[in-house]
Every structure is written in structure tokens, then in C-alpha cells.
Amino acid sequence: MTRAKRLTLLLILALAWANPAVADDKLILERIAFGSCARQDKPQPIWDAMVAAKPQLYLALGDNIYADTEDMAIMKKKYEQLAAVPGWQKLKATCPILATWDDHDFGVNDGGENYAKRAESQTLFLDFFGVPKDSPRRNQKGVYHAEIYGPPEKRVQVIMLDTRYFRGPLKKKATKVFGEGPYEPTSDKKAAILGDAQWQWLAEQLKVPAKLRILASSIQVVAQDHGWEKWYNVPHERERLFKLLKDTKTAGVICLSGDRHLAELSMMDAGIDYPLYDVTSSGLTEASQKWRKFEVNRHRIATMNWGNNFGFIAIDWAKVDPAIRLQIRDQDGDVTIQEKFTLSLLQPGTIKSKAVAGATRIDGKIMTADVIKEMLNKEVTVEMKVVATGETKKSDLVFLNSHADRMSDENLTIVLNKDVRAALAKAGITLPRTHFEGKSIRVVGPLTLFSGRPQIIVADVQKIQVIDSK
């Protein structure tokens with residue numbers, strides 16, 4: 001990076017990191033609506049149902065129009081079509097709107113940094129959503145931004161991420177299967193989703209005091225099994241997000257996402273010491289209108305697999321421990337999915353995770369059922385983070401697990417036998433569970449199954465080494 005570029009980046013970050021202004025310190029947010037995927041040339045009756053719910057804030061999660069063009073005159077006309085929709089006009093008159101984009105309003109299907117007109121598209125986006133001409137967002141690359149609402153004791157921070165402007169190419173599957181999506185996780189550590197400037201900005205935003213934090217991403221954060229766009233396509237970026245939340249001890253985070261043309265609620269132990277929820281609402285006009293086969297999502301709590309929908313968060317601040325309702329509502333405004341919990345659930349310590357689960361790699365490939373099948377009974381090299389440990393009652397075998405739940409389909413177990421334990425003790429490592437827990441390791445050995453789950457039994461101490469002690 002040249003000195004001039006470095007100075008420009010520092011200036012942009014200084015503007016973005018200035019003391020955060022409270023968007024409205026008197027507005028106590030109790031009703032937040034959100035949604036994605038609204039084709040501007042289709043009927044949009046869903047806005048009436050949303051307005052009837054009396055939202056105090058609407059979060060537009062992307063695909064706010066379907067442009068897919070490098071002709072900015074065409075894109076502008078499509079924004080004008082949305083602006084003319086009566087329901088959209090009613091919503092604008094009802095509450096403030098914060099927005100980010102996804103691929104179709106960015107300008108190209110599944111697009112990222114390779115889109116030639118991203119700067120011009122950003123200008124049209126900011127113009128449409130009424131971002132002031134003197135806003136720092138006019139001087140930065142990408143549409144990411146954050147706002148905070150309410151007094152300190154009831155403060156809500158809304159973080160709108162940009163998962164398009166900086167995102168690199170995705171890895172395509174060698175063999176396509178109809179309906180399962182074209183992408184698979186990449187092992188390329190240079191692949192990006194947020195970009196350096198946005199990562200630094202996000203780290204600063206997480207220092208802003210707030211009771212509840214809405215982390216809005218156009219693509220799903222938690223779901224990982226399907227082959228469409230998602231954070232898990234770039235596993236190290238997803239791991240980086242989880243690690244950032246853990247290291248900053250950020251409380252009160254709820255993820256919102258769109259993109260998928262379906263609605264679902266997912267939740268996982270992401271290693272942040274409390275459950276990480278991801279509420280996906282899609283689409284406002286684009287959801288399937290008939291039943292279809294459910295795709296796999298190991299983290300799914302509930303789904304609305306067909307029918308247009310919008311999301312809604314209801315917060316009851318009157319309670320000593322504020323109650324939160326995560327909802328999906330249909331085109332009639334009826335609640336089809338609801339998860340109710342108290343704010344105290346979203347505090348570090350709710351889940352006693354000791355490490356962030358990472359992507360397990362077998363011979364450089366992300367571990368999947370197909371990879372296990374391909375490599376079974378062969379000598380392989382595995383890289384993984386030891387998240388949990390165990391041992392037999394006689395302590396003759398020690399187990400190093402890649403996930404907190406050893407029964408999980410995502411888990412791989414490294415078994416240290418008596419000879420390895422003795423060799424470790426001779427080297428001064430008398431407590432191998434403590435020594436390896438929380439560390440990334442590299443192991444060489446034959447991949448086998450135990451009760452249908454993958455494992456490697458280490459018989460030679462030279463076959464296991466720590467590669468990252470963090």
C-alpha cells in the first residue's frame with residue numbers, strides 16, 4: 001500500500017470512527033421490522049402488513065431492487081419504480097429506514113469486488129436512501145454503517161454490514177447438483193468478505209456501549225450446509241467474526257440476514273459464550289409460493305419454507321430482564337415463527353465455551369461427509385482447533401475434539417493412546433488435555449470411524465503438533 005493510499009484509508013477510518021452519534025436518544029426501540037428481496041416491478045402488498053405492525057425502524061437487508069446491470073441509468077429507473085410503490089411510500093412515512101445491499105441492488109448476481117460499477121452503484125444507493133451529501137459514507141468504499149438508538153439503559157446499536165463491495169471470488173463445486181447451490185467453502189486464506197477497512201471499523205463499533213446489537217448481514221451468518229451464498233463459503237472470515245465477538249466480549253448480538261428467498265431462524269454455539277441467533281427474512285416478493293423440499297441446515301430452529309415474509313423484533317423494556325421476540329410474519333401480518341427469550345440470555349457466560357470452533361481441514365479440504373468418505377482408511381493430515389477434550393475413566397485414552405458437542409456431525413476426534421501419553425509425559429506434558437485445549441493442531445494418521453463419526457488414533461507423538469497456540 002502506498003503512503004497516499006494509507007493516508008486516505010486513515011482519513012476515512014477517522015471519519016467513520018469519530019464519536020458515534022446517537023441517531024435518536026429519545027427513541028426507545030420496541031418494534032423493528034426487516035426484510036429483503038423486493039422486485040420493483042411486482043405487486044408489493046406486504047408493505048401494508050408491515051406498516052400495520054407499527055415499526056419504529058425498518059432495516060432493508062438487500063436486494064431492495066433487482067437491477068443486475070452496469071448501466072446506471074437503468075439502475076436509477078428501477079429505484080424510481082420502487083420509490084413510486086404506494087406501500088413503500090407508506091413505510092417511509094411510518095419510520096426511519098436503514099439499508100445495506102445484496103447482489104441484485106449491488107449490480108450483479110452473486111457479485112463482489114469484480115463488479116466494475118460498484119462505486120457508481122454505491123452513489124445511487126446512497127442517493128435513494130437519502131444519505132446526506134456530507135456523510136462519511138460518501139467518502140468510503142462500501143455502504144457499511146451503524147446507528148445507535150435510545151438512552152444508555154435501553155440502547156440498541158444497529159450495525160449494517162456490506163458483504164459485497166470487498167468480497168472476493170467464491171469457490172465453485174466441481175460437480176453441480178440441481179437445487180443444491182454452486183458453491184463450497186474455500187481454503188484460500190486470501191479470500192475476503194468484509195475487507196480490511198470494514199473489519200477495523202467493525203472492531204471499533206463493537207466498543208460502543210449498547211444493551212442490544214443488531215448485526216445485519218445480507219447473507220446468512222449461521223447456516224452452513226447449503227451451497228448458495230453464505231459466510232461459511234469463506235470459513236476463515238466467519239471464524240474471524242466469531243473470534244472478534246468473543247475477544248471483545250461483545251454482548252447482546254443478534255444477526256439478521258436475507259438473500260435466500262425463504263425465512264428461517266438459526267442458532268448455534270459460535271464460541272462467543274452465548275447463543276448466536278440468525279433470523280433470515282426473504283423475500284418480500286420473491287419467496288417460493290408453493291411447498292418445496294427443505295434444504296439441510298443443522299442449526300435451524302424453525303423455518304417458513306415458502307410464502308412472502310418480513311421479519312420483526314419486539315422488545316419489552318418494561319421487564320426487569322427485557323423480553324425479546326424474534327419473529328417472521330407472512331404477507332397477512334400473521335406470526336409464523338417466534339422465538340422468545342430474555343436479554344440476559346445474550347450475555348457472555350450463558351454458554352461455557354472455551355474455544356471458537358473452526359473449520360476442520362482434511363488434506364487441505366474442509367471436512368464434509370463427502371471428504372470423509374473419500375479419505376476413509378487413508379493416512380491424512382488434519383488441521384483443527386481443539387475446542388473440547390475428554391478421557392476414559394482409566395485415563396488411558398485422551399480425546400481432543402473439534403467441537404464442544406462430541407456427538408455433533410461436525411466433530412472430529414483425535415485419540416491419544418497410552419504410548420503417546422507416556423511420550424508426552426516424558427517431554428514434560430503431564431496434562432495433555434490442558435496442553436492442547438484451545439489450540440490449533442496438525443495431526444497425521446489414518447482416518448477411521450467410531451460409532452459412525454470420524455476419528456484419528458495417534459500412536460506416535462511425532463504425528464501431532466501445535467500449529468497455533470492462540
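1. Phe 128 is buried in this predicted model, with a relative accessible area of 18%. Phe 129 has a relative accessible area of 17% and is buried as well. Both values count as buried because the cut-off is under 20%.

2. A search of the whole structure gives 17 aromatic pairs. In one of them, the ring centres of Phe 128 and Phe 129 are 4.9 Å apart and the planes stand at 90°, so this pair is edge-to-face. For Tyr 165 and Phe 166 the centres are 5.2 Å apart and the planes meet at 55°, so that pair is tilted. Tyr 165 and Phe 166 are both buried.

3. Phe 128 and Phe 129 belong to one aromatic cluster, whose members also include Trp 47, Tyr 58, Trp 88, Trp 101 and Phe 125.

4. Two arginines sit over aromatic rings. Arg 39 lies over the face of Tyr 66, 4.2 Å from the ring centre. Arg 329 has its charged end over the ring of Phe 312, at 4.3 Å from the centre.

5. The largest nonpolar core has 99 residues, and those touching the most other members are Tyr 58, Leu 59, Trp 88, Leu 202 and Ile 254. Strand β12 (residues 309–316) contributes the most to this core, with 5 residues. Tyr 58 and Trp 88 are also members of the aromatic cluster.

6. Beyond its neighbours within four places in sequence, Ile 254 is in contact with residues including Leu 212, Ile 214, Tyr 277, Val 279, Leu 326 and Phe 341. Another core, of 24 residues, lies apart from the largest one; among its residues are Ile 362, Met 367, Met 375 and Ile 429.

How values were computed. Residues numbered from 1 in each chain as written. Predicted model: local features only at pLDDT ≥ 70, side-chain atom pairs only at ≥ 80, totals over all residues. Heavy atoms only, no water. Phe/Tyr/Trp six-rings, centres within 6.5 Å; stacked < 30°, edge-to-face > 60°. Buried < 20%, exposed > 50% of the residue type's maximum accessible area, 1.4 Å probe, protein only. Lys NZ or Arg CZ within 6 Å of the ring centre and 35° of its normal. Core = buried A, V, L, I, M, F, W, Y, C linked by side-chain atoms within 4.5 Å. Helix = DSSP H or I, 4+ residues; strand = E, 2+ residues; numbered from the N terminus. Contact = heavy atoms within 4.5 Å.
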